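Colleague: I would like to go through this model helix by helix. Please show it first.

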Amino acid sequence: MRIIAAQLTARFPSGMLSLGLLFHVEGRTGSYGIAGVVLAALSIGQALAGPATGRLMGRLGIRPVVVVTTVCCAAAIACIALLDLPPAGIVGLALAAGLTFPPITSAVRTIYPKLVPASLLGQLFSLDASLQELIWIGGPVLVTFLATGVSTTVALLVSSVLLIGGGAWFAASREVGRVRIPRSKRRFGVVLLRPQVALMTVVGFLVIASCAAIEASVAGRFGENDPTSGVVLAIWSLASLAGGFVLGRLPMRPWSLGLRLALVAAGAALTPFLPGFWGLTTALVISGFGLAPALGMISAIVSSSVRFSDTAEAYGWTNTGQLVGVALGAALAGQALDRFGAPTALGCGAVLALLSALTATAGMRVFPDLKGRNAGPVPDTAPIPLPPSAG
């Protein structure tokens with residue numbers, strides 16, 4: 001629980017930065033278009049850096065990479081908050097913040113197999129996926145309160161302070177110092193040739209793109225000045241949190257991911273036809289109940305399918321897929337909202353969720369059966385030199 005609390009604190013700015021930058025840049029420049037470019041630069045930087053920083057942790061160690069990236073990222077965010085820069089300068093700093101965003105997610109999921117017995121690892125991944133919903137519930141609320149009630153500068157500085165504090169707490173944990181990721185002997189990117197890693201990257205991309213499309217569609221449905229959208233999305237996250245606790249204890253069979261994503265898709269499919277508050281909330285509760293269990297199983301499948309030396313890079317690729325999914329899902333929904341309205345935009349999210357379920361079902365034959373089995377990574381082995389015999 002100490003590691004979970006530390007990594008959630010370090011990752012909490014993830015739920016704050018998008019809205020914080022949006023409010024701050026629009027207030028400074030008067031343009032939502034420039035703010036959108038800044039957010040895109042942040043996401044592109046994170047997507048590019050994910051696999052590379054995961055690989056670096058195997059070469060340099062988890063703690064040095066987390067410390068250096070945390071300091072650099074927090075400094076870039078603080079500069080955006082405090083300096084009066086032209087739009088190009090803000091975009092450049094946002095890109096730098098993305099490129100140096102600390103790889104806490106990859107690090108902690110690499111550490112988890114060393115913290116608990118193998119029989120509990122699948123449940124730990126589900127718990128992690130469930131509790132991360134707190135980031136997406138509390139982060140937007142806190143940054144909105146600070147940006148509207150105090151100032152956007154303070155909102156970004158608080159994000160930077162949380163990044164430093166959470167990163168320091170996580171890096172100082174003794175488990176982070178004890179775990180050593182063996183240096184991978186494979187070329188960069190080769191881990192993507194593992195069918196499980198490639199499939200989980202695609203499935204994660206589709207399901208998170210669906211979530212981003214639905215989130216943007218809900219906001220568009222109720223309007224930017226109506227707090228109803230925030231309530232609906234918070235209930236959606238709470239349903240995901242509850243689903244993780246309930247379904248996360250079930251055995252993970254090869255067909256389990258497809259079933260969990262089918263639940264996500266079923267709820268998403270109802271959203272275009274239930275436009276009111278109660279109807280949309282009901283549909284998203286159904287969808288959310290399968291979301292955290294599905295994300296937890298994605299982590300478990302990756303963990304059990306690669307060598308320990310490749311886990312950090314593998315998680316970097318899956319995280320990159322999800323970041324790209326956020327950008328493309330939100331962009332798709334935005335276009336649909338402008339041209340056709342909220343029901344069509346919600347339909348886009350439903351189609352993406354259905355595609356994620358179909359992809360998981362199609363890849364079922366290569367997924368491991370984790371019922372009663374170790375969900376940890378494959379151990380790295382190497383010859384051990386023996387001393388010459390005394391005779």
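This is a predicted model: local features need pLDDT of at least 70, side-chain atom pairs count only at pLDDT 80 or more; totals for chains, interfaces and linings use all residues.

Colleague: How far apart are the end C-alpha atoms of helix α8?

Modeller: Helix α8 covers residues 133-149, which is 17 residues.

Colleague: Which helices do the buried residues of α8 pack against?

Modeller: The buried residues of α8 are Glu133, Ile135, Gly139, Val143, Leu146 and Ala147. An α-helix has 3.6 residues a turn, so residues three or four places apart point the same way. The packing partners of the buried residues in α8 are α1, α2, α7, α9, α12 and α14.

Colleague: How many residues of helix α6 are buried?

Modeller: Helix α6 runs over residues 104-111. Its buried residues are Ile104, Thr105, Ser106, Ala107, Val108, Arg109, Thr110 and Ile111. Helix α6 is therefore largely enclosed by the rest of the structure, and the count of buried residues is 8 of 8.

Colleague: Is alanine 74 buried or exposed?

Modeller: Alanine 74 is found in helix α4, residues 62-82. Beyond its neighbours within four places in sequence, alanine 74 is in contact with Ser160, Leu163 and Ile164. Its relative accessible area is 4%, and the cut-off is under 20%, so alanine 74 is buried.

Colleague: Which residues does serine 160 contact, leaving aside its neighbours within four places in sequence?

Modeller: Serine 160 lies in helix α9. At 7% relative accessibility, serine 160 counts as buried. With those neighbours left aside, the contacts of serine 160 are Ala74, Ile77 and Ala78.

Colleague: How far apart in space are alanine 74 and isoleucine 208?

Modeller: Along the sequence, alanine 74 and isoleucine 208 are 134 residues apart. Their separation in space, C-alpha to C-alpha, is 26 Å.

Colleague: Are α15 and α16 roughly parallel or roughly antiparallel to each other?

Modeller: The axes of helix α15 (residues 311-339) and helix α16 (residues 342-362) come within 7 Å and cross at roughly 150 degrees. The contact involves Leu332, Ala333, Ala336 and Leu337 of α15, with Ala342, Thr344, Ala345, Cys348 and Leu352 on the α16 side. Angles over 145 degrees fall in one class, so α15 and α16 are roughly antiparallel.

Colleague: What is the handedness of the crossing of α14 and α15?

Modeller: The axes of α14 and α15 are 10 Å apart, and the packing angle is about 145 degrees. On α14 the contact is made by Ser299, Val302 and Ser303, and on α15 by Ala314, Tyr315 and Thr318. The crossing of α14 and α15 is right-handed.

Colleague: Which residues does alanine 292 contact, leaving aside its neighbours within four places in sequence?

Modeller: Alanine 292 lies in helix α14. Its relative accessible area is 0%, so alanine 292 is buried. The contacts of alanine 292, those neighbours aside, are Ala129, Ser130, Ser240 and Gly244.

Colleague: What is the geometry of the aromatic pair of phenylalanine 277 and tryptophan 278?

Modeller: The count comes to 1 aromatic pair. In that pair, phenylalanine 277 and tryptophan 278 are 4.9 Å apart, centre to centre, with 80 degrees between the planes. Planes over 60 degrees apart fall in one class, so the pair is edge-to-face.

Colleague: Which class of accessibility does tryptophan 278 fall in?

Modeller: Phenylalanine 277 counts as partly exposed, at 24% relative accessibility. The relative accessible area of tryptophan 278 is 66%, and the cut-off is over 50%, so tryptophan 278 is exposed.

Colleague: How far apart are the C-alpha atoms of alanine 118 and alanine 94?

Modeller: Alanine 118 is found in helix α7, and at 33% relative accessibility alanine 118 counts as partly exposed. Alanine 118 and alanine 94 are 24 residues apart along the chain. Their C-alpha atoms are separated by 39 Å.

Note on methods:
Residues are numbered from 1 along each chain as its sequence is written. Side-chain values use heavy atoms; hydrogens and water are left out. Helices (H or I, at least four residues) and strands (E, at least two) are DSSP runs, numbered from the N terminus. The expected span of a helix is 1.5 Å times one less than its number of residues. Buried means under 20% relative accessible area, exposed over 50%, partly exposed in between (1.4 Å probe, protein chains only). Contact means heavy atoms within 4.5 Å. Rings of Phe, Tyr and Trp (its six-membered ring) pair if their centres lie within 6.5 Å; planes under 30 degrees apart count as stacked, over 60 as edge-to-face and the rest as tilted. Axes are lines fitted to C-alpha atoms, for helices over the stretch in contact, and angles run from 0 to 180 degrees between N-to-C directions. Angles under 35 degrees count as roughly parallel, over 145 as roughly antiparallel, 65 to 115 as roughly perpendicular and the rest as oblique. A crossing is left-handed if the near helix is turned anticlockwise from the far one by less than a right angle, and right-handed if clockwise.
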